[in-house]
Amino acid sequence: MEDCRVTECTRCPALVDSRSRIVNGTGPTDADLLFVGEGPGANEDEQGEPFVGRSGTVLDDALRTAGLDRIDVRITNCVRCRPPENRDPTTEELENCRGYLEREIAAVDPEVVVTLGKVPSEHLLERSVAVTKEAGSLEEVRIDGMPRRVLLCVHPAATLYDRSQEETFEDAIRQAAELAGISESEGGQSRLDGF
Ligand code: URA
């Protein structure tokens, strides 16, 4: 499989200044589910792994509720370097990092790409998205010329600010597991692999 790790990049001057490292995707390179967040925060920048802070705990909990574990899924971000003061990545920064994301999506070739929040949803769908309203909808979009199934989901941090989004978030994660043919069982996780 093509290596989709980025080890050197200086395309975005503001991000080069604010990052302490490039944060690559983690998880199996043949995962059925690929989660795409916005960009690394302080914890991710420190530890070099996506979604390891509070948002990561929310994601891990929802995965577990859906019968999955973090090690079963691939997790990455639209941009791989921490934006200053946790601001949103600019359009230019998103474009600079787009090729790396496309390469990762092509390499993993997941059953479903799950967008965590407004930024990755709009980036991959190339339109405005009202993510709270549209969470749980599945769209087929061309990414680098290939048709991909994209499931929209709110950002895990949204559940921390607004409890009413917890159910929306958990439902979308459960739906992602079902779509990918990975389902919960009473005894814990099980892979049905289409059976
Ligand atoms: N939020 C994101 O969008 N990505 C991370 O890796 C962490 C928090």
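Which polar side-chain atom lies 3.0 Å from an oxygen atom of the ligand? In this predicted model, that atom belongs to His-155. The protein covers 91% of the 240 Å² of accessible area that the ligand has on its own (areas by the Shrake-Rupley method with a 1.4 Å probe).

The model is predicted, so local features need pLDDT of at least 70 and side-chain atom pairs count only at pLDDT 80 or more, while totals for chains, interfaces and linings use all residues. Residues are numbered from 1 along each chain as its sequence is written, and side-chain values use heavy atoms, with hydrogens and water left out.

A backbone N or O atom of Gly-39 lies 3.0 Å from a ligand nitrogen, and a side-chain N or O atom of Asn-77 is 2.9 Å from a nitrogen atom of the ligand. Gly-39, Asn-77 and His-155 belong to the shell around the ligand, together with Gly-37, Glu-38, Glu-44, Pro-50 and Phe-51 (a residue is near if one of its heavy atoms lies within 4 Å). By class, this shell has 2 nonpolar, 4 polar and 2 charged residues (Ala, Val, Leu, Ile, Met, Phe, Trp, Tyr, Cys and Pro count as nonpolar, Asp, Glu, Lys and Arg as charged, and the others, Gly among them, as polar).

The ligand takes up the space of the largest pocket (more than half of its atoms lie within 2 Å of the grid points). A pocket is an open set of points on a 1 Å grid over the protein atoms alone, with protein on both sides within 12 Å along at least five of seven lines, and lining residues have an atom within 4 Å of a point. About 460 Å³ of space lies in this pocket (the volume filled by probe spheres set on the points). Its lining has 20 residues, with Gly-41, Glu-44, Ser-55, His-155 and Ala-157 closest to the centre. Helix 2 (42-47), helix 3 (54-65) and helix 7 (158-161) each give two or more residues to the lining (helices are DSSP runs of H or I, at least four residues). Helix 2 gives the largest share, 3 residues.

The whole structure has 1 cavity of 30 Å³ or more (a set of points where a 1.4 Å probe fits but cannot get out). The largest cavity has a volume of about 90 Å³. Among its 16 lining residues, Cys-9, Cys-12, Leu-15, Cys-81 and Cys-97 lie nearest the centre. Helix 4 supplies the largest share of this lining, 4 residues.

Note on methods:
Polar contact = N/O pair within 3.5 Å; in protein donor to acceptor, adjacent residues only side chain to side chain.
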